[in-house]
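Biologist: I would like to learn how to read helix packing and a nonpolar core. Please take me through one model.

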Amino acid sequence: MTDDFTKYFHMKDNGSTAEQVYLEATRDEIDLISRIRLIRKVFSLSLGDAKDVFLRSEGLTTSRDEFQERLFIDAGDIEGND
C-alpha cells in the first residue's frame, strides 16, 4: 500500500500547521489511522506528538497530559460508584 501525501506536504510547505493538515485530511475522508500516519510522516512527529495533534484537532483537549488526567479523574468517579 502506497500513501500519496503530496497534497499535505504542499500544505506544510505553504505554512499550514499539523492541525490544519489533519483537519483537511478529515475533510478528505481519510480514516483515523491513516491521518495519524500522515501527520507523523509529513511533520516528522513521534506517535505521542501525533496523538497530541489528533486530540487538539478533534477538540478533545489541549494536551495529551490533560487528556490522560481527565481519564484518571473519570476512572476515579467510576470506582467511587460501587
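Modeller: Start with terms. Axes are lines fitted to C-alpha atoms, for helices over the stretch in contact, and angles run from 0 to 180 degrees between N-to-C directions. Helices are DSSP runs of H or I, at least four residues, numbered from the N terminus. This is a predicted model: local features need pLDDT of at least 70, side-chain atom pairs count only at pLDDT 80 or more, and totals for chains, interfaces and linings use all residues. Residues are numbered from 1 along each chain, and side-chain values use heavy atoms, without hydrogens and water.

Biologist: At what angle do helix 2 and helix 3 pack?

Modeller: Two packed helices are described by the angle between their axes and the distance between the axes. Here helix 2 (residues 18-27) meets helix 3 (residues 32-43) at about 145°, and their axes are 10 Å apart.

Biologist: Which residues make the contact?

Modeller: Contact means heavy atoms within 4.5 Å. Helix 2 uses Ala18, Val21, Tyr22, Ala25 and Thr26; helix 3 uses Leu32, Arg35, Leu38, Ile39 and Phe43.

Biologist: How many residues has the largest nonpolar core?

Modeller: Nonpolar side chains tend to be buried together in soluble globular proteins. A nonpolar core is a set of buried Ala, Val, Leu, Ile, Met, Phe, Trp, Tyr and Cys residues joined through side-chain atoms within 4.5 Å. The largest one has 16 residues. Helix 3 gives the most to this core, with five residues.

Biologist: Why is serine 16 classed as buried?

Modeller: Buried means under 20% relative accessible area (1.4 Å probe, protein chains only). Serine 16 is buried because its relative accessible area is 19%. Serine 16 sits in the loop between helix 1 and helix 2.

Technical notes:
Helix = DSSP H or I, 4+ residues; strand = E, 2+ residues; numbered from the N terminus. Buried < 20%, exposed > 50% of the residue type's maximum accessible area, 1.4 Å probe, protein only.
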